[in-house]
Amino acid sequence: MQAPGPPSTTLVADENEANRALAQGPDLGRLFQSAPGCYVVLTPELVIVAASDAYLNVTMTRREDIVGQPIFTAFPVNPDGPTSRAEVDLRASVSRVIATGRPDTLPVHKYDIRRAKDGGA
């Protein structure tokens, strides 16, 4: 997917054209990508299917590099870091969500994110 551009306005010439434009609905993917919060959407198998621009900025990643990747492949555990329960806890949380159909809250985990390939911040 390509990063969203600036918002646009479509002017229509007649009622039929307006009805066709309304039937298409909003571009929800573009709305999600441009949301101000850091959001990532995962499958039950923890594969990344979408990420907001803010998430990409904070994690110093590009959409085309992480979408379709298991989250712990896109963000591997730091082998030199302290032992983390992040992966175990995330998998358990997803299992609870699937089992109950209800939201689940995880405690905050320290999790190292590698620098961007281009040596960015």
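Hello everyone. First, a word on what we are looking at. This is a predicted model, where local features need pLDDT of at least 70 and side-chain atom pairs count only at pLDDT 80 or more, while totals for chains, interfaces and linings use all residues. Residues are numbered from 1 along each chain as its sequence is written, and side-chain values use heavy atoms, with hydrogens and water left out.

Let's begin with the overall layout. The protein has six helices and two strands, and from the N terminus their order is α-α-β-β-α-α-α-α. Here helices (H or I, at least four residues) and strands (E, at least two) are DSSP runs, numbered from the N terminus. Of the 121 residues, 20% count as buried. Buried means under 20% relative accessible area, exposed means over 50%, and partly exposed lies in between, with a 1.4 Å probe and protein chains only. Among contacts with a separation of 6 or more, 35% join residues 24 or more positions apart; a contact means heavy atoms within 4.5 Å.

Which residues of α6 are buried? They are Ala86, Asp89, Leu90, Ser93 and Val94. These residues sit on the same side of α6 because they cover an arc of only 135° around the axis, the arc being that of the directions from the helix axis to the C-beta atoms. As a reminder, an α-helix has 3.6 residues a turn, so residues three or four places apart point the same way. On the other side of α6, Ile98 and Ala99 are exposed. The buried residues of α6 pack against β1 (40-42) and α5 (71-74).

Setting aside neighbours within four places in sequence, aspartate 89 is in contact with Leu106 and His109. Arginine 96 is also placed in α6, but arginine 96 is partly exposed, at 38% relative accessible area. With neighbours within four places in sequence left out, arginine 96 is in contact with Gly101, Asp104 and Leu106.

And now back to the opening question. α6 is followed by glycine 101, and the phi of this glycine is positive, near 70°.

Next, the largest pocket. How much space lies in it? About 520 Å³. For those who like the method: on a 1 Å grid over the protein atoms alone, a pocket is an open set of points where a 1.4 Å probe fits, with protein on both sides within 12 Å along at least five of seven lines, and lining residues have an atom within 4 Å of a point. Grid points are joined across faces, edges and corners, and the volume is the space filled by probe spheres set on the points.

The pocket is lined by 17 residues, and Tyr55, Ile71, Leu90, His109 and Tyr111 lie nearest its centre. At least two lining residues come from each of α3 (53-59), α5 and α6, with α3 giving the most, three residues. By class, the lining has 15 nonpolar, two polar and no charged residues. In this scheme Ala, Val, Leu, Ile, Met, Phe, Trp, Tyr, Cys and Pro are nonpolar, Asp, Glu, Lys and Arg are charged, and the others, Gly among them, are polar.

Finally, a quick tour of some loops. Leucine 46, in the loop between β1 and β2 (48-51), has a positive phi near 70°, although leucine 46 is not a glycine. Leucine 46 is buried, with a relative accessible area of 3%. Methionine 60, in the loop between α3 and α4 (63-66), has a positive phi near 55° and is partly exposed, at 26%.

My last stop is alanine 35, in the loop between α2 (28-33) and β1. Its C-alpha lies 7.4 Å from that of alanine 54, 19 residues away along the chain.
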